[in-house]
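I opened this structure to look up a few things and keep short notes. The entries follow the order in which I looked.

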Amino acid sequence: MIIDRFRLRNYRQRLTYLIAGILIAAVTLYLALPIFALFLRMTPDLFFATLHDPDVVSALWLSLFTTFITLAVVVLVGTPFAYFHSRYSYPGKVIVDTLIDLPLVLPPAVAGVALLVLWGRAGILGRYLNMYGITIAFTTLAVIMAQIFVASPFYLRQAKSLFEQLDPAYEQTARTLGASSLRILTSITVPMTAGGLISGAVMTFGRALGEFGATIMFAGNLPGVTQTMPLAVYVGMEGANINVGLTISILLVIISFGIMIAVRLIQKREMPHA
């Protein structure tokens, strides 16, 4: 009887391991095979040759330029915003929290339409700027604004969560010594949450770099002006130059993979201090 129970338990354990292995392999292959297919589609020689294509170079530099500006704006504005938002209660705070999260679930194309309706030449605010010769839509500035709209929640949520989890005793001690809120933020709060903030910033960078829907709706697809890497992929795969589309796709995969590795290394380094 005892032997039968042992065999049954051993059989169930093996069956569990088998099911788990099949499930893990199936999900991993489903996610990995399309990525591998990209790399198999092009030879290394063709990839490196296409890297010098003017369309690739233009899209790459425009994407990096706009994304770094987006990241700088999000960090410089988002850090104090998240700090004050997490430290103080005020009417409508729940609504603000919801608006912060909304771009995460809002279709990017809808975000682009919303930006266009507000800032376009005939938009609610854009029409007044247009009277003074100021145009935002379909410019490089529009690319940055679209990236900020869709990518900022990644940093804002992370920063807000980190500030809320930080023991307030550190800040209270500094406050009793006469430190201002800004000094507390820059000398205590930010240094103590730096690892998590960097992780959020890296994710923000990756999201901004891969932005497509809001950009094409609000900024258009003008080579050298608003055509970022995802938009260049779209144009290339439409048939204009498929090698350009594949090359930029591989570049984005490499960058995205590097971003995710960086985030995990940062999180792993921060774990012993948690």
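Entry one, salt bridges. I began with E164 and K160, whose side chains meet in a salt bridge at 4.0 Å, N to O (a side-chain nitrogen of Lys or Arg within 4 Å of a carboxyl oxygen of Asp or Glu). Both residues lie in helix α7, four residues apart, about one turn of the helix; helices here are DSSP runs of H or I, at least four residues, numbered from the N terminus. The model is predicted, so local features need pLDDT of at least 70 and side-chain atom pairs pLDDT 80 or more, while totals for chains, interfaces and linings use all residues. Residues are numbered from 1 along each chain as its sequence is written, and side-chain values use heavy atoms, without hydrogens and water.

I then looked up D97, which forms a salt bridge with K160, the closest N and O atoms being 3.6 Å apart. This pair links distant parts of the chain, with D97 in helix α4 (residues 93-105) and K160 in helix α7, 63 residues apart.

I noted K160 as buried, because its relative accessible area is 17% (buried is under 20%, exposed over 50%, partly exposed in between, with a 1.4 Å probe and protein chains only). D97 at 22% is partly exposed, and E164 at 45% is also partly exposed.

The search of the whole structure finds five salt bridges. One of them joins E171 and R87, the closest N and O atoms being 2.8 Å apart. E171 is in helix α8 (residues 168-176) and R87 in helix α3, 84 residues apart. E171 is buried at 2% relative accessibility, whereas R87 is partly exposed at 24%.

At what angle do α3 and α9 pack? I found about 100 degrees for α3 (residues 54-87) and α9 (residues 181-192), with their axes 11 Å apart; axes are lines fitted to C-alpha atoms over the stretch in contact, and angles run from 0 to 180 degrees between N-to-C directions. The two helices are therefore roughly perpendicular, a word used for 65 to 115 degrees. T79, P80, Y83 and F84 in α3 meet S181, I184, L185, T189 and V190 in α9, where contact means heavy atoms within 4.5 Å.

F138 is in the loop between α6 and α7. Its phi is near 65 degrees, a positive value in a residue other than glycine.

Methods: Parallel < 35°, antiparallel > 145°, perpendicular 65-115°, else oblique.
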